[in-house]
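Colleague: I'd like to learn how to read a protein model, one feature at a time. Could you walk me through one?

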Amino acid sequence: MADKIELTIDDNTVEVEKGATVLQAAQSAGIYIPTLCYHPNLQPYGGCRLCIVEIENMRGLPTSCTTPATEGMVVTTSTEKIQELRRSFMQLILTEHPNACLTCHRRERCGPYDICLRNVAVTERCVSCPNNKQCELQYLVDYIGLKEIELPYRYKELPVDYTREPLIKRDYNLCILCGRCVQVCAEIRGIGAISFINRGFETVVGTAFDRPLQDSSCRFCGACVEVCPTGALMDVGSEYLPEQEQESVAVPCKYACPASINVPLYVYLIGEGKYQEALSIIREKVPFPGALGRVCIHPCEEACRREALNEPISIRFMKRFVADRDNGEWKKYSKHLPKTGKKVAVVGAGPAGLTAGYYLAKAGHTVTVFEQFSRAGGMMRVGIPDYRLPPDVLDAEIAEIVSAGVDIKLNTKVESVDWLLEQGYEAVFLGPGAHKGMTLGVDGEDLPGVFDGASFLRDANLGVRVDVGKKVAVIGGGNVAIDSARVALRLDAREVTIVYRRTRAEMPASPEEVEAALEEGIKIEFLTGHLKVRQEGKHLVMTCNRNRLGEPDASGRRRPVAIKGSEFDAEYDSIIGAIGQRPDIPADFKVETGRGDTIQADSETLATSRQGVWAGGDAVTGPDSVIRAIAAGRTAAVSIDKYLGGSGIIDEELTRERTIGICAGITEENFNGRPRVKMPCLPPERVINNFTEVELGLPEEGAIAEGKRCFQCGVRNQICPAPLPPGARLKKAGQPDKVESAA
């Protein structure tokens with residue numbers, strides 16, 4: 001008890017740690033005291049004075065956020081005198097504010113905590129409101145009970161240029177000079193890019209010499225936006241988003257990751273040289289960091305806020321960097337629950353099936369994976385060439401899954417779910433992938449020398465010799481087409497041409513893969529369609545035509561339209577059709593299927609139409625990415641564990657590093673213009689006749705440099721919500737709605 005003190009607040013005995021303020025003591029007891037400048041992550045200074053209280057034997061009305069609690073103190077938080085003074089303080093704030101808190105036409109129709117900054121009458125929910133963020137000022141106005149302003153109204157509208165900044169909107173009209181943004185930039189980030197400038201009624205929050213943020217020391221982390229109580233600072237692009245989706249613009253890399261990897265934290269840790277800790281963060285969500293570091297479609301990078309200044313962070317390459325340096329430290333904190341006696345069957349040893357099996361085995365269940373091919377890995381093994389994903393990398397990660405207790409039976413194709421249930425399996429996960437290649441759909445598609453892309457890559461990856469000749473055509477524009485072309489080049493083809501019916505802008509293949517193919521000498525015939533194939537002697541002749549782009553189709557891409565009279569013939573030794581794949585689901589699975597022969601599964605649980613059977617990965621979505629298949633495996637593991645009587649909790653902490661620290665490198669020049677570190681690669685002449693991995697991996701100095709380029713947007717997830725009045729909606733980016741207790 002030596003470190004505890006007791007005081008009385010509103011006739012309630014409150015016990016707190018020594019050093020706590022009166023405000024903190026009240027909050028610990030569920031007693032609400034209004035405040036606006038105060039924030040739990042910042043040093044209090046009592047600027048708004050809304051948190052005034054009466055303290056027995058103390059003169060005046062001190063601010064509770066700056067007054068230390070002492071033994072035996074008697075505090076009163078709400079009297080008529082206090083309430084009247086709070087209304088006066090709030091009037092002072094609103095006299096230089098647009099005053100929407102009192103004039104909003106939505107309040108009667110949409111509720112007291114909505115705000116229309118455009119001050120327009122509406123007959124339904126206004127979708128033009130630029131401030132869809134919670135407004136703490138609005139909450140406080142309603143709680144304090146202010147109905148009108150009696151003081152002279154001094155508000156004068158200031159000009160706003162929303163095009164000035166690339167990521168953050170600044171509106172001086174909404175600023176109440178609470179100072180939170182200035183504090184968080186200095187105290188939490190260690191930058192101090194913004195401060196109070198000018199004097200008196202001309203005071204605003206801004207940068208030195210009123211420079212644009214990108215020309216100041218700003219790191220665009222968004223911490224200032226996170227603590228702003230009025231919407232004076234907002235994320236560009238967040239205007240009309242529901243508040244529960246604010247993370248899509250606040251911390252978009254994490255939001256975009258299908259497996260919810262804490263991207264900003266591991267990028268930060270790499271920048272700090274904490275490689276094993278960064279790998280642990282990745283492994284908390286996925287069992288394939290090395291594979292993903294090579295073949296992930298990296299939606300996190302596509303969402304990266306840094307691209308608004310120059311180039312996104314090399315997130316995928318950084319994942320590979322730490323995966324290649326794995327010393328097993330993450331295993332120290334890895335947990336394996338006791339055996340449950342429950343048996344689970346997994347059909348397909350691809351990323352979805354192996355992920356589900358891994359987490360179910362760690363949950364204590366007995367897991368058997370049935371794989372139709374001679375090697376495990378699914379499309380990672382048979383659909384991605386070795387020069388992109390070396391077999392030893394995949395083998396090592398599968399070995400970790402096996403060591404967790406997963407039994408993999410190779411060369412075992414399962415045709416019936418009933419057979420599995422008869423073997424005593426109490427739950428079944430179907431992840432057979434989408435290995436059936438689609439045919440060209442034209443005359444001559446069955447001729448010798450015409451391959452489908454899926455079968456071609458599978459044979460090449462499993463060591464089956466494929467004779468493609470010297471001149472090869474590949475039809476398609478996706479990653480399978482690019483892979484097929486580059487593999488053909490490595491199988492002694494001398495001339496490889498990709499035939500694609502649209503332009504490069506519409507190609508679904510990863511841009512970096514397209515660029516690699518071009519560097520290796522592969523040609524691409526854009527706006528070219530295929531009409532038919534015929535055999536002439538030892539060669540194949542493909543009749544093609546030229547296209548132009550028409551109106552967008554269902555995919556959102558412009559539709560190819562054949563140009564009349566543009567037909568021509570081209571001669572090849574082999575033709576590879578890489579125009580799509582689909583699942584091949586046995587009828588005896590007895591599960592409901594839909595378009596493209598995909599298994600129909602609940603989007604939330606992945607449960608199928610059969611009791612005790614789940615499905616995920618390409619068999620459900622059609623051909624998709626490794627990361628989305630892994631995410632499906634995680635979802636299925638949660639659902640199956642619950643079904644078998646478990647908690648459904650598969651997450652675990654594999655490192656004690658959980659937070660992003662003060663911004664690093666604050667004195668470095670040209671932070672905003674620093675270019676993305678390029679991945680070093682072997683030259684084309686050293687790789688086109690073999691399957692050696694092309695990308696060499698980031699050097700250590702490059703990985704650290706990329707970590708230092710990061711805005712560290714993830715710091716926003718570490719900032720606590722500000723205290724709100726009883727009954728107010730408490731929302732924070734990436735979190736579900738909460739309601740503040742009325743206690």
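Predicted model: local features only at pLDDT ≥ 70, side-chain atom pairs only at ≥ 80, totals over all residues.

Colleague: Okay, the big picture. How many helices and strands does the protein chain have?

Modeller: You'll find 24 helices and 26 strands in the protein chain. Taken along the principal axes, its C-alpha atoms fill a box of roughly 105 × 65 × 55 Å.

Colleague: And what percentage of the 743 residues count as buried?

Modeller: That's 55% of them. There's also a number about sequence separation: take the contacts in the protein chain with a separation of 6 or more, and 68% of those are between residues 24 or more positions apart.

Colleague: Which residues in α20 and α21 meet?

Modeller: From α20 you have Asn479, Ile482, Asp483 and Arg486, and they meet Glu513, Val514, Ala516 and Ala517 of α21. Sorted by class, the residues of this contact are four nonpolar, one polar and three charged.

Colleague: Can we do another pair? At what angle do the axes of α10 and α14 cross?

Modeller: Roughly 60°, and the axes of α10 (residues 263–271) and α14 (residues 315–323) come within 11 Å. That angle makes α10 oblique to α14. This crossing is left-handed. On the α10 side, Val263, Tyr266, Val267 and Ile270 take part, and they meet Ile315, Met318, Lys319, Phe321 and Val322 in α14. By class, that contact has eight nonpolar residues, no polar ones and one charged.

Colleague: One more pair, please. How do α2 and α5 cross?

Modeller: The axes of α2 and α5 (residues 136–144) come within 10 Å and cross at roughly 145°. Here α2 passes α5 in a left-handed crossing. The residues that make the contact are Arg86, Arg87, Met90, Ile93 and Leu94 of α2, together with Leu137, Leu140, Val141 and Ile144 of α5. Their classes are seven nonpolar, no polar and two charged.

Colleague: How far apart are Pro98 and Lys156 in sequence and in space?

Modeller: They are 58 residues apart in sequence, and their C-alpha atoms are 8.3 Å apart in space. If you leave aside neighbours within four places in sequence, Pro98 is in contact with Tyr153, Tyr155, Asn173 and Leu174.

Colleague: Asn173 is in that list. Where is Asn173 placed?

Modeller: Look in the loop between β5 (168–170) and α6 (180–188). With a relative accessible area of 5%, Asn173 is buried. Its side chain is joined to that of Asp171 by a polar contact of 2.8 Å. Beyond four places in sequence, the residues in contact with Asn173 include Glu96, His97, Tyr155 and Val160.

Colleague: What about a charged residue, such as Arg502? What does its side chain reach?

Modeller: The Arg502 side chain reaches the backbone oxygen of Arg558 at 2.8 Å. Arg502 is in the loop between β16 (495–499) and α21, and at 1% relative accessibility it counts as buried. Not counting residues up to four places away in sequence, Arg502 touches several residues, among them Phe526, Leu549, Asp553 and Pro560.

Colleague: Last one: where does Gly378 lie?

Modeller: Gly378 lies in the loop between β10 (366–370) and α16 (379–382). Gly378 is buried, at a relative accessible area of 6%. Gly348 is 30 residues away from Gly378 in sequence, with 6.9 Å between their C-alpha atoms. Apart from residues up to four places away in sequence, Gly378 touches Ala349, Gly350, Gly383 and His435.

How values were computed
Residues numbered from 1 in each chain as written. Heavy atoms only, no water. Contact = heavy atoms within 4.5 Å. Helix = DSSP H or I, 4+ residues; strand = E, 2+ residues; numbered from the N terminus. Nonpolar A, V, L, I, M, F, W, Y, C, P; charged D, E, K, R; others polar. Buried < 20%, exposed > 50% of the residue type's maximum accessible area, 1.4 Å probe, protein only. Polar contact = N/O pair within 3.5 Å; in protein donor to acceptor, adjacent residues only side chain to side chain. Axes fitted to C-alpha atoms, helices over the stretch in contact; angles between N-to-C directions. Parallel < 35°, antiparallel > 145°, perpendicular 65-115°, else oblique. Left-handed = near helix turned anticlockwise from the far one by under 90°.
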